[in-house]
Amino acid sequence: DPSDSLDFPVELCCRPWRSADRVPISFKVLPGDHEYPKCRTKRTSYEWYIPKGILKTGWMNKHLNLVPALVVVFYELDWDEPQWKEKQLECATRVEIVRQSLQGRNTKVAVVLIQKKTPLPPGEDVIASERAAALCNACDLSGKSLFVLPHTDHLVGYIIRLENAFYEHAQTYYYTEIRRVKSHKEFLNKTTHQLLFVRHQFKIAFFSELKQDTQNALKNYRTAYNLVHELRAHETNMLEIKTMAGFINYKICRLCFQHNTPLDAIAQFRKHIDLCKKKIGSAELAFEHAAWMSKQFQAFGDLFDEAIKLGLTAIQTQNPGFYYQQAAYYAQERKQLASVLCNHDSSVTYPNPDPLETQTGVLDFYGQRPWRQGILSFDLSDPEKEKMGILSLQLKEKNVLHSELIITLLSNAVAQFKKYKCPRMKSHLMVQMGEEYYYAKDYAKALKLLDYVMCEYRSEGWWTLLTSILTTALKCSYLMAQLKNYITYSLELLGRASTLKEDQKSRIEKNLIKVLMNESPDPEPDCDSAAVKASQKLWADRVSLAGSNIFTIEVQDFIPFVQCKAKFLAPSFHVDVPVQFDVYLRADCPHPIRFSKLCISFSNQDYNQYCVVEEETMCLVPGKTRKFSFKFVAKTEDVGKKIEITSVDLILGSESGRSLQAARSFKRRPKLPDNEVHWDTLTIQASTMIISRVPNISVQLRHEPPALTNEMYCLIVTVQSHEETVAKDVKLTAGLKPGQDANLTQKTQVTLHGTDACDDSFPALLPDIPVGDLQPGEKLEKPIYIRCGTVGARMFLFYISYLINTVVEGKEILCRCHRDETVTIDTVFPFDVTVKFVSTKLEHLDRVFADIPFLLMTDILSASPWPLTIVTSQLQLSASMTPVDQLESYVENVVLQTGESASECFCLRCPPVTNASGVATGCYIISWKRSSPVESVPVVNTVITLPHVIVESIPLHVSADLPSFGRVRESLPVRYHLQNKTNLVQDVEVSVEPSDAFMFSGLKQIRLRILPGTQQEMLYNFYPLMAGYQQLPSLHVNLMRFPNFTNQLLRRFIPTHIFVKVRL
Amino acid sequence: MAVCIAVIAKENYPLYIRSVPTENELKFHYTVHTSLDVVDEKISAMGKALVDQRELYLGLLYPTEDYKVYGYVTNSKVKFVMVVDSSNTALRDNEIRSMFRKLHNSYTDIMCNPFYNPGDRIQSRAFDTMVNSMMMQVC
């Protein structure tokens, strides 16, 4: 395999041998008498030396695997060995044998004594130090090269320490090697030793690497790289230069990545490529250059990827994928060049003897031609040999599986681009892989890849690219005689998205028609002739094979050559009219196309049977829109449902031949006008609603709004039929319209029986009240009673449904019609009730006094727009209140018009209480109804809770007995009662102040004492002097113990004025 | 001078692609299409910036061995992609910018045409002429 010669040698690419926590040493166990590679005698002068190449192929291996940096002789010997002398001698002999073998090399030698005893701390074992010195002397070793390995518990610890010591020795060895190579430099001259400059520089760098001095290694490799490009290049040594440049570049890039300077690596690689891109070398072997370029990119991609795996972050625009991609491009170029350059006639035979064969089976120097190794002259001494050499390389190249190489590189790139968010790049590479598989005649794999990426290009609308992919896919399916794929790709290539020329489309269409006629299609252009022959046989087999000849191809995922739009004429149809829709078809192919059947599928498959067109000669003329109209009667069960066209199936071909069913599914689409229609203006209406028949009845509602809180509000529903036949199974649904505030449902009750007040358990909606049948023209009335517990607006629903027979398109159907009415009814308070407390003198009281009578006044103000009848009222007192006299209603059977009010007043008394915050009074119940002519309206009881009242105790209560009026100059007897309300004896000062209108007799001023719970009477005789409303002589009471008891308070209890009539 | 100029709709389908006739047209279609990966990424990274501070010029999208691909995105997310020969080192960033600006202006003129439906493929003689003036002249 000639590609082998371009691969990097293993020695170049190998890695440090061990894990990071141990020193990087490569160990080899060798027998004591192992022969190491012989060291050539040291050159004392380079004057007559002419190098034959840059780098010997064996050199790296020699220094990696054959020539050691350090040889360690392991020898079992304890310090207290009884036969010490003999053992010491044997050890020295062994060391000497090793030394002999390493003659001339700088390799270090060390001795490790394997001992069974644990050593004593250094300096304590006198014998040990003596014998150690003796042994060193015998073996000609420095003390630093003798080690002890006690075979005891801590073996690993000892081993690690030994390793570190060995590592130091090894580093010293490589240091001296570097010095040695450097020392040659002074003997070199620039004319004859150009190659040696590169070789030595490379060696220095390589030794530095072995020394683990990567910084210096990098520096020296860089120098070496520059030196390589300074070499005089010619067609004959171009490969050698490029090979070495490639090696060094690889090393530099790898070290840059290792030093975490990826940008340096990229820059070096770019420089490398720019320098080498044009160094093609022999034109006859140009494929070799492409292969080399491909290799460079691939190797860099690998290094990059490896660095990423070790933690480097790559980005979308700079990731290994680009390098693999470029490697693939060069591999493609190689393939192309090979196809031109290696296009030998089959009669050309491989040269004998093989010019690629060498004596040793390997090359002496990297990158040289086997047939002229070590020849530095640029002139070809033996042109015939050269010709044979080139021929053999070309013939070898012929056998390379290029496609395999390309596909591997492309798939490497795909894996990278997938990682770095490049979906389109990935698709593009997959297309290339597919095409490569096609060239490699692996049509199944090609088709699989192409089919996979096709949709990406289709969904983004890149028709040129899609057409190109489809064309390849069509070739694949032709060559494999895959009927269904062949038809599918043909359909799309004929469609409007395809960018093929008319003649190509025409050819494809003809082939498609042939296939539909069960004939073999013509081969696709530019196909491999052998493959075409094979496929023609396959097609012939297909044709003779009968059976499953119907293919259903779902076309909604791609753009076929027949476009289809379907449209219901209306977004909804009444159940008693036929559903109508149109299907429009249009072909984009170059020739008219015949089809045999058109069928429509619906969401409800029962309708499918009504919508089939089957004719022998249905034809679609390109560019003309064809319309098919359909009509069917919807089923009554589908009322309220949506009917959707799920697919339109177009059948090409005939039952006898091979038929193709193209199914077009509808998602959401556009609709349109008539006959010669403009396709783009057509909008699709793929679904329609079936709605119920229009009802032919009237519904009227009679009521007197607004409703009053808690009353049984009467609403009369009148239904009249205008149908021509009897309406059967009439049902009424009445009540609160669903979907309103949930609280309303609890505060609204509906009943058919208005005579009794309903309670909260009644429903808010009465569904499906059977009403019976309605004859044509018949009228029906139904009273509904509604009780609304809260004020506010409510929507009520009245829904009448019935069954009726009707005829559509000669078909009798029984359909249900319905009509509904909604009404919004406001609910208001029927009246406002105000309550107040007053004294017996009708003065407003904010508090009442214990045991002293007061008045409770109620006032009912009608807020209803309709007259109200107060049936009765009732005062229910709480336990702490006592009526002073009989409680009876004064407003019984009073009718209140809007804005009128009815008042009542009750005299009450409250015993003393300790509760300061107030005393419950009780409640006031008003029984009322609308003053409507309907007798049956039930009475509503409205309960009003009376306010609390604050009760206060007073020390002294004064009351007066006096007539309701006086007469001028007629005696007017007045008796004041002074009642002690406390538990104390009270000193009271009473005085009466005269008034101008009266004379009086009685005690004008007195001081008296009232015992607890008793009362004193004061009797006066007033004698009015003037007529009119006169001020009485005023009584003043002064309580010694209660200075707060003022005359003002007194005025509350006793009259201050009296009306004096004229004497008759 | 460019070797390929493309206008891409907001939905990423091509409104206009023109390339030098000497080269494989399909290759440029693929180059422009794959460059949309980078455009998408740049736009989504830009999404966080304020709309009016947005830079329309996206710069170099990615370099290939042979070509450099530059991008530009309008506020309505219409993209312009320009492919330039890698060997053409004379072309500076500023020149690329001004070429894009010219393209944008010409595109705006098309949008102002009442007979042009936004989203349709561009068929305009004025636009063709302008694009031609920016394309590499092949003798």
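Is Asp851(A) buried, partly exposed or exposed? In this predicted model, Asp851(A) has a relative accessibility of 28% and so counts as partly exposed, since buried means under 20% and exposed over 50%. Asp851(A) sits in the loop that runs between strand S24 (848–849) and strand S25 (854–862) of chain A. Its phi is near 70°, a positive value in a residue that is not glycine. Lys77(B) belongs to the loop between S4 and strand S5 (79–85) of chain B, and its relative accessibility of 25% makes it partly exposed.

Backbone geometry also stands out at two prolines. The bond between Asn352(A) and Pro353(A) is a cis peptide bond, with omega about 5°. Pro353(A) is placed in the loop between H11 and helix H12 (383–398) of chain A. A cis bond also leads from Pro705(A) to Pro706(A), where omega is near -5°. Pro706(A) lies in the loop between strand S14 (697–703) and strand S15 (707–708) of chain A.

The next topic is the open spaces. The largest pocket has a volume of about 1700 Å³. Helices H9 (262–276), H10 (286–309), H11 (320–341) and H14 (423–439) of chain A each give two or more residues to its lining, as do helix H1 (25–46), strand S3 (57–63) and strand S4 (67–73) of chain B. The lining of this pocket numbers 47 residues, and those nearest the centre are Gln326(A), Tyr329(A), Gln332(A), Lys27(B) and Asp66(B). H11(A) supplies the largest share, 12 residues. By type, the lining of the largest pocket holds 18 nonpolar, 16 polar and 13 charged residues. Lys27(B), one of the residues nearest the centre of the largest pocket, also lies over the face of Phe28(B), 5.5 Å from the ring centre.

The second largest pocket has a volume of about 1100 Å³. The elements of chain A that give two or more residues to its lining are helix H2 (59–66), strand S1 (70–76), helix H3 (84–101) and helix H5 (155–184). Among its 38 lining residues, Phe27(A), Lys28(A), Leu70(A), Val71(A) and Val72(A) lie nearest the centre. H5(A) makes the largest contribution, eight residues. The lining of the second largest pocket comprises 28 nonpolar, six polar and four charged residues.

Helix H8 (238–258) and H10 of chain A each give two or more residues to its lining, and H8(A) gives the most, with three residues. The residues that line the second largest cavity include Glu235(A), Lys242(A), Glu288(A), His289(A) and Arg369(A). That lining divides into four nonpolar, four polar and four charged residues.

Aromatic side chains come next. Over all chains, the structure holds 52 aromatic pairs. One of them joins Phe269(A) and Phe297(A), whose ring centres are 5.1 Å apart and whose planes stand at 85°, so the pair is edge-to-face. Phe269(A) is in helix H9 of chain A and Phe297(A) in helix H10 of chain A, so this pair ties together parts 28 residues apart in sequence. Both of these phenylalanines, Phe269(A) and Phe297(A), are buried. Phe304(A) and Tyr323(A) form a tilted pair, because their ring planes are at 55°, with centres 6.0 Å apart. Here Phe304(A) comes from helix H10 of chain A and Tyr323(A) from helix H11 of chain A, so the pair ties together parts 19 residues apart in sequence. Phe304(A) is buried at a relative accessible area of 2%, and Tyr323(A) also counts as buried, at 6% relative accessibility.

Elsewhere, ring pairs link Trp59(A), Tyr173(A), Tyr174(A), Phe202(A), Phe206(A), Phe207(A) and Tyr221(A) into a cluster. A charge over a ring is found at Phe197(A), where the charged end of Lys190(A) sits 5.9 Å from the ring centre.

The cysteines remain. How many disulfides does a search of the whole structure find? Over all chains, the search finds zero. For Cys91(A), the nearest cysteine sulfur belongs to Cys139(A) and is 4.1 Å away, and Cys91(A) is in no disulfide, because a disulfide needs the two sulfur atoms within 2.5 Å. Cys91(A) is buried, with a relative accessible area of 0%, whereas Cys112(B) is exposed, with 57%.

How values were computed:
Residues are numbered from 1 along each chain as its sequence is written. Chains are lettered from A and ligands numbered from 1 in the order in which they are written. This is a predicted model: local features need pLDDT of at least 70, side-chain atom pairs count only at pLDDT 80 or more; totals for chains, interfaces and linings use all residues. Side-chain values use heavy atoms; hydrogens and water are left out. Buried means under 20% relative accessible area, exposed over 50%, partly exposed in between (1.4 Å probe, protein chains only). On a 1 Å grid over the protein atoms alone, a cavity is a set of points where a 1.4 Å probe fits but cannot get out, and a pocket is an open set with protein on both sides within 12 Å along at least five of seven lines; lining residues have an atom within 4 Å of a point. Grid points are joined across faces, edges and corners, and a volume is the space filled by probe spheres set on the points. Helices (H or I, at least four residues) and strands (E, at least two) are DSSP runs, numbered from the N terminus. Ala, Val, Leu, Ile, Met, Phe, Trp, Tyr, Cys and Pro count as nonpolar, Asp, Glu, Lys and Arg as charged, and the others, Gly among them, as polar. Rings of Phe, Tyr and Trp (its six-membered ring) pair if their centres lie within 6.5 Å; planes under 30 degrees apart count as stacked, over 60 as edge-to-face and the rest as tilted. A charge sits over a ring if NZ of Lys or CZ of Arg is within 6 Å of the ring centre and within 35 degrees of the ring normal.
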